Amino acid sequence: MLIKNVYIKNAKQTSDVRIENGKFSEIAPEIDPYAEEKIIDLRGKLMLPPFVDPHVHLDATMTAGDPEWNQSGTLFDGIRIWSERKKTLTFEDVKKRAKKALKLQVENGIQFVRSHVDVTDPNLTALRALIEVRDEVKDQVELQLVAFPQEGILSFPNGKELMTKAADMGADVIGGIPHFEFTQEYGVESLKFLVDLADKKGKLVDVHCDEIDDPESRSLETLATLAYESKLGDKVTASHTTAMGSYNDAYTYKLFRLLKLSHINFIANPLVNTNLGGRFDTYPKRRGMTRVKELNDAGINVAFGEDDIKDPWYPMGNGNMLDALSMGLHVGHMMGYDDIMNSYKFISENSAKCMHISDHYGIEIGKPADCIIMNSQNFYDALNERAEILYSIHNGKVLVKTEPKRITNNFQE
Ligand code: FE2
């Protein structure tokens with residue numbers, strides 16, 4: 001297949017891209033087609049590496065309002081309501097909802113997903129179901145699963161055993177929730193346990209870390225130290241870290257040295273954390289997002305996730321990373337032209353680094369032919385106009401094709 005006339009990642013000039021045997025085989029300003037070669041002429045549209053959602057909860061998706069709506073909007077009521085819903089989980093129920101969410105994500109140009117899966121369930125129903133989903137969708141979406149102890153490791157009966165069992169069953173990533181453990185000591189012990197488990201079992205780490213508006217919540221320094229000392233480094237991701245939005249600047253300055261040394265990644269979830277954050281404030285209300293701009297400026301890898309799609313923590317969500325990105329840029333005060341133009345990295349390349357998939361991700365000769373083509377010339381326009389995903393191509397095959405909408409508008413300028 002020969003794709004003609006695309007602007008690759010906001011390039012000034014168009015390129016032609018050849019795909020053979022599922023891989024990118026040639027990228028040049030002008031490529032002559034072979035006889036009988038399939039040609040798609042895009043006439044000057046934007047080609048990007050596929051979007052990535054590195055943080056979502058596919059086990060809980062599409063359960064908003066069941067058994068009740070989260071009226072307070074707090075993280076803690078979300079956990080309480082999910083705990084009730086969890087009692088009625090079945091294998092088929094999880095699979096059906098997860099696939100429904102994945103279909104939406106795919107339509108919106110996502111090809112790589114990391115889903116947390118609650119393993120504070122003695123039956124591990126959701127994990128068993130999502131392992132099956134991971135296998136069933138593998139030719140279309142690469143799905144990583146995190147063993148996520150929603151109700152704690154030390155603070156939930158047999159928490160350590162459940163985490164170990166989840167790792168042995170095939171979870172790709174080890175998670176945690178230190179700020180939700182009963183005590184700070186439990187939080188620290190949970191981090192030591194989970195980093196050690198990941199190290200022993202050869203897994204990645206992604207911790208829900210300090211997702212609270214409490215400036216005293218400092219699990220991040222422990223996680224970064226463990227990543228540094230264990231040499232797991234960039235295999236470790238700290239998700240949320242919203243407490244950093246409330247840390248004082250002197251402490252944060254000191255912390256940044258450790259963060260850089262540790263090489264850990266960060267994932268902010270701007271849609272969900274602006275919803276959950278600041279809920280215990282009167283005025284001024286905090287924004288609920290970690291220091292994305294400052295982390296990025298310091299050369300630390302930061303990505304955005306959607307986190308929740310219609311569940312007890314967030315009643316909205318449609319699988320479109322452009323919404324998460326737009327919110328992140330607004331809340332993070334990253335609205336300079338170049339900030340916006342280059343912001344696709346927060347939902348693509350930076351996220352791929354978190355997922356540790358950069359070896360097979362990106363528009364480069366020899367890599368799997370995974371890319372999206374958007375109905376715009378550059379990403380500034382694409383984000384502003386919520387441009388359609390004209391094509392999503394995975395392993396050289398068209399996964400999604402969208403016809404641009406046609407509007408008859410008789411407005412006279
Ligand atoms: Fe999350």
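## D307 and the iron site

D307 has 2% relative accessibility, so it counts as buried (under 20% relative accessible area, with a 1.4 Å probe and protein chains only; over 50% is exposed, and in between is partly exposed). H208 is buried too, because its relative accessibility is 3%.

This is a predicted model, where local features need pLDDT of at least 70, side-chain atom pairs count only at pLDDT 80 or more, and totals for chains, interfaces and linings use all residues. Residues are numbered from 1 along each chain as its sequence is written, and side-chain values use heavy atoms, leaving out hydrogens and water.

What holds the iron ion on the protein side? Its protein donors (N, O and S atoms within 2.8 Å of the metal, or 3.2 Å for Na, K and Ca; water is not among the atoms, so sites may look incomplete) are H55 (NE2), H57 (NE2), H208 (NE2) and D307 (OD), at 2.2 to 2.4 Å. Along the chain, they follow the spacing H-x1-H-x150-H-x98-D. H208 sits in strand β9 (residues 204-209) and D307 in the loop between β12 (302-304) and α10 (321-331), so that pair links parts of the chain 99 residues apart (strands are DSSP runs of E, at least two residues; helices are runs of H or I, at least four; both are numbered from the N terminus).

## Helix α1

Now for a helix. In α1, the buried residues are L75, G78, I79, I81, W82, R85 and K86. They pack against α2 (91-107), β6 (110-118) and α8 (270-276), with contact meaning heavy atoms within 4.5 Å.
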